[in-house]
Amino acid sequence: MIIKTQSDIPSSEITNVEVFKNRRKIIKAALATPVLGLIPNVSKAEEKKIFTDIPVGPYSQALETTDFEDVSSYNNYYEFSTDKEYPKILAKNLITNPWNITVEGEAEKTGVFQLEDILKKNSLEERIYRFRCVEAWAMVVPWIGFPLAEMLQQFKPTSKAKFVEFTTLHDSEVMPGQQTKTLQWPYIEGLRIDEAMNPLSFIATGMYDDVLPNQNGAPLRLVVPWKYGFKSIKAIVKIRFLETIPASSWNLSAPSEYGFYANVNPNVPHPRWSQKRERMLGGNIFTPKRDTEIFNGYAEQVASLYNDMDLTKEF
Ligand SMILES: Nc1nc2c(c(=O)[nH]1)N[C@H]1C(S)=C(S)[C@@H](COP(=O)(O)O)O[C@H]1N2
Ligand SMILES: [Mo]
């Protein structure tokens, strides 16, 4: 179920760039801290209101934007640590510029590309999309970035490209978690090509009107808002177009617990816990949980991708 509070916004709309640029100026001005002042001229509550007001299509309008502080200090990033508080500290050592991306497989344009050049071609970095994401915790984040499809199309995938695989940086000097065997390194994830080309599949290069914090996946991470969080792979260094289904880290690690599709589905429990209810990040143990929605509330946009599938088997 999609909650629409702005019925005048068509479901296909993604923020009009001009409207957005104006808003961005307003946000920038509103968030600017006086040079010598110690107190920013907007309060936390005002800041939240500004980001909650961003008209980014019908998604997520009914839920409050999660505080930046929570989104950037409670992270899953096993390359650094399995502890949710440590990625913020340890990821400071990651150098994200310059950044190369290797493109391989079933595409006309393959090779090594500089992220900067990829982003220039899109000239779309200036858009904000406010998506709900869910995992063990749920959050609503004003991401900055662009639809994954617009990046993938640059490489002209061939008709044989049925899947796309993503790989995270593998550098155990910088990523101490890679010296442990919690997962097989590097972290890999994948999407079916029609999922990847769906406009909700998104590459984030920033959030809350700023560059992406390292702990959230800088310089670029996937955001797949209708799937569980582990699909949203961070610090991507390789994209591979494939004819057959790729492996994925959590599926390799615990195949009976984590499937390839990982669509948010309250009717399919994780073998060790129910997935019917969720708690918004930033709350505490007294914050009431809310019902998890099928496809995380994006059924209208994505349910048709799975018409012929038994989602209890292909979870
Ligand atoms: N490379 C990499 N990407 C990753 C992870 C990881 O450990 N390594 N964790 C995943 C999981 S399990 C979740 S819930 C989200 C968390 O994203 P966040 O820290 O921005 O909230 O990142 C996903 N992407
Ligand atoms: Mo996760």
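What share of the contacts in the protein chain with a separation of 6 or more comes from residues 24 or more positions apart? The share is 69%, where contact means heavy atoms within 4.5 Å.

This is a predicted model, in which local features need pLDDT of at least 70 and side-chain atom pairs count only at pLDDT 80 or more, while totals for chains, interfaces and linings use all residues. Residues are numbered from 1 along each chain as its sequence is written, chains are lettered from A and ligands numbered from 1 in the order in which they are written, and side-chain values use heavy atoms, with hydrogens and water left out.

**Figure 1. The protein chain as a whole.** The chain has nine helices and 12 strands; helices (H or I, at least four residues) and strands (E, at least two) are DSSP runs, numbered from the N terminus. Of its 315 residues, 52% count as buried. Buried means under 20% relative accessible area, exposed over 50%, and partly exposed in between (1.4 Å probe, protein chains only). The accessible surface comes to about 14900 Å², and carbon and sulfur atoms hold 54% of it. Such areas come from the Shrake-Rupley method with a 1.4 Å probe; for residues, only the protein chains shown count as cover.

Figure 2. One nitrogen atom of ligand 1 lies 3.3 Å from a backbone N or O atom of Asn76. A side-chain N or O atom of Thr168 is 2.9 Å from a nitrogen atom of ligand 1, and a side-chain N or O atom of Arg221 is 3.0 Å from an oxygen atom of the ligand. Taken alone, ligand 1 exposes 540 Å², of which the protein buries 97%.

**Figure 3. Arg221 within the protein.** Arg221 lies in strand 9 (residues 221–223) and counts as buried because its relative accessibility is 8%. Its side chain reaches the backbone oxygen of Asn216 at 2.8 Å. Not counting residues up to four places away in sequence, Arg221 touches several residues, including Trp143, Phe202, Leu212 and Ser232.

**Figure 4. Aromatic pairs.** The structure holds 10 aromatic pairs. Rings of Phe, Tyr and Trp (its six-membered ring) pair if their centres lie within 6.5 Å; planes under 30 degrees apart count as stacked, over 60 as edge-to-face and the rest as tilted. The ring centres of Tyr77 and Phe80 are 4.8 Å apart and their planes stand at 90°, so this pair is edge-to-face. Both Tyr77 and Phe80 are buried. Phe230 and Tyr258 also form an edge-to-face pair, at 5.2 Å centre to centre with 80° between the planes. This pair links distant parts of the chain, 28 residues apart: Phe230 is in the loop between strand 9 and strand 10 (236–242), and Tyr258 in the loop between helix 8 (249–253) and strand 11 (277–280).

**Figure 5. Leu252 and its contacts.** Leu252 is found in helix 8 and is partly exposed, because its relative accessible area is 39%. Leaving aside neighbours within four places in sequence, Leu252 is in contact with Gln184, Ile188 and Ala247. Leu252 and Ile188 are 64 residues apart in sequence, and their C-alpha atoms are 9.7 Å apart in space.

Terms used:
Polar contact = N/O pair within 3.5 Å; in protein donor to acceptor, adjacent residues only side chain to side chain.
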